[in-house]
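Here's a quick tour for anyone meeting this structure for the first time. Have a look at the picture, then read on.

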Amino acid sequence: MSFDLSLGASDTITGLSTAQVDKLDVFDILNAYDPLSHAISDFLRITDNGTHSFLSVDSNGGGNSFTQIAQLSGVTNLAASATATESELDALIANGTLLV
């Protein structure tokens, strides 16, 4: 699944499975992200409310202006706590779930 911020809406994604190597492609909306000099957590946030997870982006990497772009319906296993850590986001990139 890829995203377009210009649409101004949040998508609802059902059936996302890391075991099946489903992918969330945010490459096109993270044009300022450089993995060699930036922390991915300044650009991406995954939160979990116990029922669903939510993917939000801060496209300029300021880490202070996140916009929700997707609800991952029924997905609660992407982070150990309510918000994914830098290392958990890095792991999602390494296993191919997040394409940056």
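This is a predicted model: local features need pLDDT of at least 70, side-chain atom pairs count only at pLDDT 80 or more; totals for chains, interfaces and linings use all residues.

Let's start with the strands. Four of them make up an open sheet, running in the order β1-β5-β4-β3, and their pairing is mixed. At the edges sit β1 (11–14) and β3 (44–48), each of which pairs on one side only. Going from one strand to the next, the twist averages 25 degrees.

## A buried charge

Next stop is D58, in the loop between β4 and β5 (67–73). D58 is buried, yet has no salt bridge. The nearest side chain of opposite charge belongs to R45, and that is 7.4 Å away; a salt bridge would need the atoms to be within 4 Å.

So who does D58 touch? Leaving out residues up to four places away in sequence, D58 is in contact with D42, F43, G63, N64, S65 and F66.

## A pair of rings

F43 turns up again here. Search the whole structure and you'll find one aromatic pair. Its members are Y33 and F43: the ring centres are 5.2 Å apart and the planes sit at 70 degrees, so the pair is edge-to-face. Both residues lie in the loop between β2 (24–25) and β3, 10 residues apart.

Are these two buried or exposed? Y33 is buried, with a relative accessible area of 13%, and F43 is buried too, at 1%.

Technical notes:
Residues are numbered from 1 along each chain as its sequence is written. Side-chain values use heavy atoms; hydrogens and water are left out. Two strands pair if DSSP finds at least two bridges between them. Helices (H or I, at least four residues) and strands (E, at least two) are DSSP runs, numbered from the N terminus. Axes are lines fitted to C-alpha atoms, for helices over the stretch in contact, and angles run from 0 to 180 degrees between N-to-C directions. Buried means under 20% relative accessible area, exposed over 50%, partly exposed in between (1.4 Å probe, protein chains only). Lys and Arg count as positive and Asp and Glu as negative; His and the chain ends are not counted. Contact means heavy atoms within 4.5 Å. Rings of Phe, Tyr and Trp (its six-membered ring) pair if their centres lie within 6.5 Å; planes under 30 degrees apart count as stacked, over 60 as edge-to-face and the rest as tilted.
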